[in-house]
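Dear colleague,

I am handing over the structure below. My notes on the ligand, the backbone and the helix packing follow it.

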Amino acid sequence: MYQKPHHISVMTAQVVDLLLPIETGLVLDATFGAGGHARALIESIPGVQILALDRDPSVRCDVARTRLVPANFSELAAVLAAEGIDEIAGAVFDLGLSSDQLDAPERGFSYHVSGPLDMRMGPDAAVPASELVNVASEGELRDIIFRYGEDRFARRIAAAIVAARPIEDTTRLAEVVADAVPAPARRRGHPARRTFQALRIAVNDELEALRRGLDAAIDALRAGGRIVVISYHSLEDRIVKQRFAAGAVGCVCPPDLPVCGCGTVAELRLLTRRAVTAGDDEVEANRRARSARLRAAEKVAGGDAA
Ligand SMILES: C[S@@+](CC[C@H](N)C(=O)[O-])C[C@H]1O[C@@H](n2cnc3c(N)ncnc32)[C@H](O)[C@@H]1O
């Protein structure tokens, strides 16, 4: 049965403020979720329509002037081509999971409730988390937990998981990880948080999807178009920061050269020098906002990537 989403959108005012100057055209909401950002944009900018994407086919859209396509934003270039869209005026990416997904035990994303080891955001994810937890080699597991969870106890955790196989559900996995971590480290947040993050990123190939989605969105932006990205952990934020910084690089000729010989033209102008974080009031009202990092950029006229 359809249940009304309870996800609270993060940094909505900042997203709207940054996209307000575009005034007209098609805005991409690459991560529609509960539709909070889309709804706020539709209400605040009368001249825009929205193309929304979500990788999770259970997501429903009831926002005016918005068309939802169930798709991974890694396939954005193909979606735009199939829809006959050759430019967008703006884009918003609000990464990760919605609270509705996180709180649904049967999705297996949470270490707080018992559920199957699934963690697939959508049917395009190759394998459920149980394949990694119960089948992958100890070395593969260690690499996943180290690279995607940045957990310095990755080696111990991977060994403990392999020794405890078969692991049936999220609660048991959380216990195994907690027992593998030295006692002092257990006091710094939930000890399984990083392992769950790592498995989720691996199951959904999230970082590669982000790289591809950002490239396609920046390519499709019209001159003066704007892109806003909210990320929730350092691996995502680093990708966004580096992609925006690379796009903002202009002429690299020595300053004493009278005429540019390199032909490098910046495709982006940074609208945020540093990542913007949520204010204290928002963090108090919505714990999810605590880790949010927002970055934004504008497509420069004539700055199409070479
Ligand atoms: C944080 S929620 C978005 C919430 C939304 N901005 C709002 O205000 O209600 C993230 C959503 O993005 C979706 N998502 C995550 N990665 C995706 C991807 N690679 N492609 C498409 N959708 C994705 C998730 O399924 C989830 O519904």
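Which oxygen atom lies 2.8 Å from a polar side-chain atom of Gln101? The oxygen atom belongs to the ligand. Before the rest, the conventions: this is a predicted model, in which local features need pLDDT of at least 70, side-chain atom pairs count only at pLDDT 80 or more, and totals for chains, interfaces and linings use all residues. Residues are numbered from 1 along each chain as its sequence is written, and side-chain values use heavy atoms, with hydrogens and water left out.

Ligand site

The ligand is surrounded by 25 residues, counted when a heavy atom of the residue lies within 4 Å of it. Ser9, Asp54, Phe73, Asp94 and Gln101 are the closest. Two further polar contacts (pairs of N or O atoms within 3.5 Å) are on my list. An N or O atom in the Asp94 side chain is 2.8 Å from a nitrogen atom of the ligand. Gly36 uses a backbone N or O atom, 3.1 Å from an oxygen atom of the ligand.

Backbone

Most residues other than glycine have a negative phi, and most peptide bonds are trans. Met119 has a positive phi, near 70 degrees, and sits in the loop between helices H4 (99–102) and H5 (129–134). Helices here are DSSP runs of H or I with at least four residues, numbered from the N terminus. The Arg165 to Pro166 peptide bond is cis, its omega near -5 degrees. Pro166 is in the loop that runs between H7 (154–164) and H8 (170–180).

Helix packing

Axes are lines fitted to C-alpha atoms over the stretch in contact, and angles between N-to-C directions run from 0 to 180 degrees. The axes of H8 and H10 (residues 193–204) come within 9 Å and cross at roughly 125 degrees. H8 is therefore oblique to H10; angles under 35 degrees count as roughly parallel, over 145 as roughly antiparallel, 65 to 115 as roughly perpendicular and the rest as oblique. Thr170, Leu173, Ala174 and Val177 of H8 are in contact with Thr195, Phe196 and Leu199 of H10, where contact means heavy atoms within 4.5 Å.

For H11 (residues 206–220) and H12 (residues 234–247), the axes come within 10 Å and cross at roughly 30 degrees. These two helices are therefore roughly parallel to each other. On the H11 side the contact includes Leu207, Leu210 and Leu214, and on the H12 side it includes Ile239, Val240 and Phe244.

Regards

Definitions and conventions: A polar contact is a pair of N or O atoms within 3.5 Å; within protein, one must be able to donate a hydrogen and the other to accept it, and residues adjacent in sequence count only if both atoms are side-chain atoms.
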